[in-house]
Amino acid sequence: MAKVLLIEDTRTLGLTLEVSLKAQGHEVYWADCIAAARELLKQVHPDLFILDLGLPDGDGLELCVEIRNGGSIAPILILTARDSLYARIEGLSAGADDYMTKPFELPELVARVDALLRRQRWHGAGERACVGLLEIDFRRHQAWSKGELVPMTELEVKLVRHLLDRKGHPVSREELLTRVWEQDASTQTRTVDVFIGRIRRYIEQDPTKPKHLLNVRGVGYRLVTDPKVDDL
Ligand code: CA
């Protein structure tokens, strides 16, 4: 199951896509213009985008560039009537991962969405991850620190996963609260610090001098898998 942000202004098509994607078990967010998509993106971090180009308030390509500049690595599938070779190249150059032209066959779209999500999982945090002394098997919900099984909680695992998904980029406490705890960001930012402290004990050689789970002053935290190649 993935969070899909669908940006499509044709109502009938939007409805068909929403129904089909939901039938595949995905959580679907639907925006009918660029402004609505921007609003949704303040709260949702989609696992995949389906992006129309001809939108009432602008060109979907702008949004495509914006999504990439915002640091999202989620796959973007452009779904458009523009079928020239130039348009395809332009779309892929703007940061899209796949390009489909209308009219299209629904089963093909569903198959492409699945393929993109599979690839994303593969390149993303994956089923297992190693950070510092910590190793996590996300599928089996097991974790080891220095080779020994440790009792990590569901929330701790989810927190590591979220930080890993952001690939070393800074993540605010507010974002962590909304995304990991699914709580109102205005309360309890201290909770995040407490959890970070706990996770550091599993990850860091010396939790008082973290090399992986780093403070970002005035923002929050970022998680670096390999400090040697950290170029942020
Ligand atoms: Ca359109």
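The legends below describe close-up views of a predicted model. Local features need pLDDT of at least 70 and side-chain atom pairs count only at pLDDT 80 or more, while totals for chains, interfaces and linings use all residues. Residues are numbered from 1 along each chain as its sequence is written, and side-chain values use heavy atoms, with hydrogens and water left out.

**View 1. The aromatic pair of Trp181 and Phe195.** Rings of Phe, Tyr and Trp (its six-membered ring) pair if their centres lie within 6.5 Å; planes under 30 degrees apart count as stacked, over 60 as edge-to-face and the rest as tilted. The count by this rule is one aromatic pair. The ring centres of Trp181 and Phe195 are 4.9 Å apart and their planes stand at 85°, so the pair is edge-to-face. Trp181 belongs to helix H7 (residues 173-181) and Phe195 to helix H8 (residues 189-203), so the pair ties together parts 14 residues apart in sequence. Helices are DSSP runs (H or I, at least four residues), as are strands (E, at least two), numbered from the N terminus. Both Trp181 and Phe195 are buried (under 20% relative accessible area; exposed is over 50%, partly exposed in between; 1.4 Å probe, protein chains only).

View 2. Asp9 is in the loop between strand E1 (3-7) and helix H1 (11-23), and Gly54 is in strand E4 (residues 54-55), 45 residues apart. Asp9 is partly exposed, with a relative accessible area of 32%; Gly54 is also partly exposed, at 40%.
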